[in-house]
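Please examine the structure shown here with attention to its pockets and to the packing of its helices.

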Amino acid sequence: MHLRAVVLPDGVRRDVWVSDGTITFTPVEGAATLVQDGFLVPGLVDAHCHPAIGPDGPTGLDGAAANALADRDAGTLLIRDCGQPIDTRPLQARDDLPRIIRSGRHLALPKRYIPGLGLDLAHPDELPAAVAEQAADGDGWVKLVGDWIDRSVGDLAPLWPDDVLTEAIKVAHEAGARVTAHVFGEDALPGLIGAGIDCLEHGTGLDPALLAEMARRGTALVPTLINIENFPGIADQAGKYPRYAAHMRALHARAGELVGNALDAGVAVYAGSDAGGMIAHGRLVDELAALRRAGMTAEQALAAGSWAARDWLGHPGIAQGAPADFLVLDRDPREDLSALRAPRHIVLRGALVR
């Protein structure tokens with residue numbers, strides 16, 4: 001196919017051809033012209049998504065495929081799964097589904113995470129070996145549960161000693177994998193950051209000093225703002241643990257400052273919907289809008305869920321020889337993110353899926 005449109009992020013109107021599933025700027029003889037105006041946007045990226053988890057909890061492969069299709073139809077063409085209860089490799093073999101970067105299983109301790117989702121290690125000292133296994137089995141990412149409610153103290157608490165974290169992350173890096181962690185509260189953050197973690201999910205307990213350290217180390221943040229909106233409801237259901245409930249409400253109250261503080265510190269922020277974690281699939285654009293409200297420009301929010309995220313994850317955007325995964329929009333999303341809600345066309349692996 002042939003397209004002539006404004007190509008983002010450069011913003012230059014040019015001709016683009018698709019041949020054998022890849023992008024070229026060299027004319028392809030006989031290519032049919034699909035569009036002659038509009039905007040081409042690299043396929044959206046959900047950097048925190050759980051295809052094998054739906055509104056009612058873990059799913060089988062059929063449910064995971066349906067969730068991934070919902071994400072695709074909303075423009076998400078690349079997913080970094082942030083922990084899955086099943087092996088989703090069969091989904092990667094399907095040409096009609098978004099590309100998926102697998103992070104394997106969440107690594108947790110007994111009664112310190114949502115039942116049935118992660119691998120519960122018998123002892124914290126088992127973490128380095130478990131990380132090595134997940135690094136070998138995944139696609140370059142490992143997911144830890146950094147903190148969760150500890151019912152013995154009635155509040156959020158870290159799962160792992162600092163020395164164990166340091167060793168586990170070293171093991172992952174030596175295997176060529178990066179590590180990310182779920183973390184809500186404050187107490188687990190110094191240990192995770194000091195151990196050399198590559199990314200933090202949620203990060204609602206971060207303060208300016210910790211954000212400055214993240215920037216110095218190159219640690220990324222995926223704040224999942226639309227899921228943080230659930231914190232008051234979680235607190236309302238935690239009547240047995242008033243300290244935890246009050247903590248969750250306090251974290252929610254200061255979440256509006258998180259993205260602005262991260263940007264001021266120089267931390268790279270990427271978009272993740274946390275679909276499957278109390279969030280329906282197909283809501284990435286809602287997350288981009290939340291990032292915009294939290295202090296990003298529309299272009300910054302779009303980059304966080306498109307070309308900047310692709311670069312971070314090692315997947316090209318609209319470039320010579322790149323896979324043809326992009327959206328065709330009628331309006332410039334750098335001026336109005338709502339343009340993303342009604343793409344004229346969606347192209348995945350060089351095929352027109354809308």
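In this predicted model, the lining of the second largest pocket comprises five nonpolar, two polar and two charged residues. The pocket itself has a volume of about 160 Å³. Its lining consists of Leu-225, Ile-228, Glu-229, His-252, Ala-255, Gly-256, Ala-290, Arg-293 and Ala-294. Two or more residues of this lining are given by each of the elements α7 and α11, the latter spanning residues 284–293.

The largest pocket has a volume of about 910 Å³. It is lined by 39 residues, of which Ile-114, Trp-148, Ile-234, Tyr-244 and Met-278 are the closest to its centre. Strands β7 (53–54), β8 (57–58) and β14 (147–150) each contribute two or more residues to this lining, as do helices α7 (225–228) and α8 (231–236). Sorted by class, the lining of the largest pocket holds 20 nonpolar, 13 polar and six charged residues.

The description now turns to a pair of helices. The axes of α3 (residues 127–137) and α4 (residues 162–174) come within 8 Å and cross at roughly 20 degrees. Because angles under 35 degrees count as roughly parallel, α3 is roughly parallel to α4. Their crossing is right-handed. On the α3 side, the contact is made by Leu-127, Pro-128, Val-131 and Ala-132, and on the α4 side by Val-164, Leu-165, Glu-167, Ala-168, Val-171 and Ala-172. By class, the residues of this contact are nine nonpolar, no polar and one charged.

How values were computed
Residues numbered from 1 in each chain as written. Predicted model: local features only at pLDDT ≥ 70, side-chain atom pairs only at ≥ 80, totals over all residues. Heavy atoms only, no water. 1 Å grid on protein atoms, 1.4 Å probe; cavity = no way out; pocket = protein on both sides within 12 Å on 5 of 7 lines; lining within 4 Å. Points joined across faces, edges and corners; volume = space filled by probe spheres on them. Helix = DSSP H or I, 4+ residues; strand = E, 2+ residues; numbered from the N terminus. Nonpolar A, V, L, I, M, F, W, Y, C, P; charged D, E, K, R; others polar. Axes fitted to C-alpha atoms, helices over the stretch in contact; angles between N-to-C directions. Parallel < 35°, antiparallel > 145°, perpendicular 65-115°, else oblique. Left-handed = near helix turned anticlockwise from the far one by under 90°. Contact = heavy atoms within 4.5 Å.
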